[in-house]
Amino acid sequence: KLRIVLINIILILNLLALNLPKYFSADFTQKIYSDNNTLTYKGKIFVANNKVYWRYTYPNEKEIWITDKVYVYEPDLMQVTISKKPKLNIFNAIKNAKKIKDSIYLAKIDNKKIYFIYDKTLQKVWYKDDVGNEVKINFYKKSAKKFNAALLKPKFPKDVDFIYQN
């Protein structure tokens, strides 16, 4: 299940990295709709130089760095999961994304449709994940100002457990 979430995150992050200025940061709300349930997550995202840092603050703390690999740090579990960056490359697909209405764009990757609203900057992303859940991420308090690049380097306590996934 974590792998599916990571792949979905990578899809979105690749989208962010292509369409944003050199530096992008924003607060976000991510909602996952499954049957009659809605899961809500909140946090902040930082993107620069094809590196991404997600800091989830609600309902649980979690940090995700995407560099040459994907690092997921869960403080409550004192655990870091390290996995290879998925080989999915949506950069070309996004370059060929088609404007379908006003500020709404559609990118198709491996039979997956990713919609986004881009009006001067990224506003919203939504898609269906691999198990059929609808995922919507809204970005607000967006900034293109330079931030401390140290945020993009994975860091966690020395006494955490490491889990390696292929």
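Modeller: What follows starts with charged pairs, moves on to rings, and ends with strand pairing and one further residue.

This is a predicted model, so a local feature needs pLDDT of at least 70 and a side-chain atom pair counts only at pLDDT 80 or more, while totals for chains, interfaces and linings use all residues. Residues are numbered from 1 along each chain as its sequence is written, and side-chain values use heavy atoms, with hydrogens and water left out.

Charged pairs come first. Side chains of opposite charge can pair when their charged atoms come close. Here a salt bridge is a side-chain nitrogen of Lys or Arg within 4 Å of a carboxyl oxygen of Asp or Glu. The structure holds 3 salt bridges. One of them joins Lys44 to Asp27, at 3.2 Å from N to O. Lys44 sits in strand S2 (residues 37-48) and Asp27 in strand S1 (residues 23-34), so this bridge ties parts that are 17 residues apart in sequence. Strands are DSSP runs of E with at least two residues, numbered from the N terminus.

Asp27 also has a salt bridge with Lys141, at 3.9 Å from N to O. This one reaches from strand S1 to strand S11 (residues 134-143), so it links parts that are 114 residues apart in sequence. How accessible are the two ends? Asp27 is buried at 14% relative accessibility, whereas Lys141 is exposed at 63%. Buried means under 20% relative accessible area, exposed means over 50%, and partly exposed lies in between (1.4 Å probe, protein chains only).

The pair of Lys136 and Glu134 is another salt bridge, at 3.6 Å from N to O. Lys136 is partly exposed at 24%. Glu134 is partly exposed too, at 27%. Shared partners join Asp27, Lys44 and Lys141 into one network of salt bridges.

Now the rings. Rings of Phe, Tyr and Trp (its six-membered ring) pair if their centres lie within 6.5 Å; planes under 30 degrees apart are stacked, over 60 edge-to-face, and the rest tilted. The structure holds 15 aromatic pairs. Take Tyr41 and Tyr56: their ring centres are 6.0 Å apart and the planes stand at 85 degrees, so the pair is edge-to-face. Tyr41 is in strand S2 and Tyr56 in strand S3 (residues 51-58), so the pair ties parts that are 15 residues apart in sequence. Tyr41 is partly exposed at 26%. Tyr56 is buried at 7%.

Tyr115 and Trp126 form a stacked pair, 5.6 Å centre to centre with 10 degrees between the planes. Tyr115 lies in strand S9 and Trp126 in strand S10, so this pair spans 11 residues in sequence. Tyr115 is partly exposed at 23%, while Trp126 is buried at 18%. Elsewhere, ring pairs link Tyr23, Phe46, Tyr53, Trp65, Tyr73, Phe147, Phe156, Phe162 and Tyr164 into a cluster.

Some rings also meet a charge. A charge sits over a ring if NZ of Lys or CZ of Arg is within 6 Å of the ring centre and within 35 degrees of the ring normal. The charged end of Lys42 is over the ring of Tyr58, 5.8 Å from its centre. Lys155 lies over the face of Tyr53, at 5.9 Å from the ring centre. Tyr53 is also a member of the ring cluster.

Back to S9, the strand of Tyr115. Two strands pair if DSSP finds at least two bridges between them. S8 (residues 104-109) and S9 (residues 112-118) pair antiparallel over 6 bridges. Ile104 stands opposite Ile117 of S9. The S8-S9 hairpin has 2 residues between the strands, and Asp110 takes a positive phi near 45 degrees. On to S10 (residues 122-128): 5 bridges join it to S9, and the two run antiparallel. Ile114 stands opposite Tyr127 in S10. The S9-S10 hairpin has 3 residues between its strands, and Lys120 in the turn has a positive phi of about 70 degrees.

One residue remains. Gln79 is in strand S6 (residues 79-84). Gln79 is buried at 19%. Which residues does Gln79 touch, not counting residues up to four places away in sequence? They are Val72, Tyr73, Glu74, Val160, Asp161 and Ile163. Contact here means heavy atoms within 4.5 Å.

Note on methods:
Helices (H or I, at least four residues) and strands (E, at least two) are DSSP runs, numbered from the N terminus.
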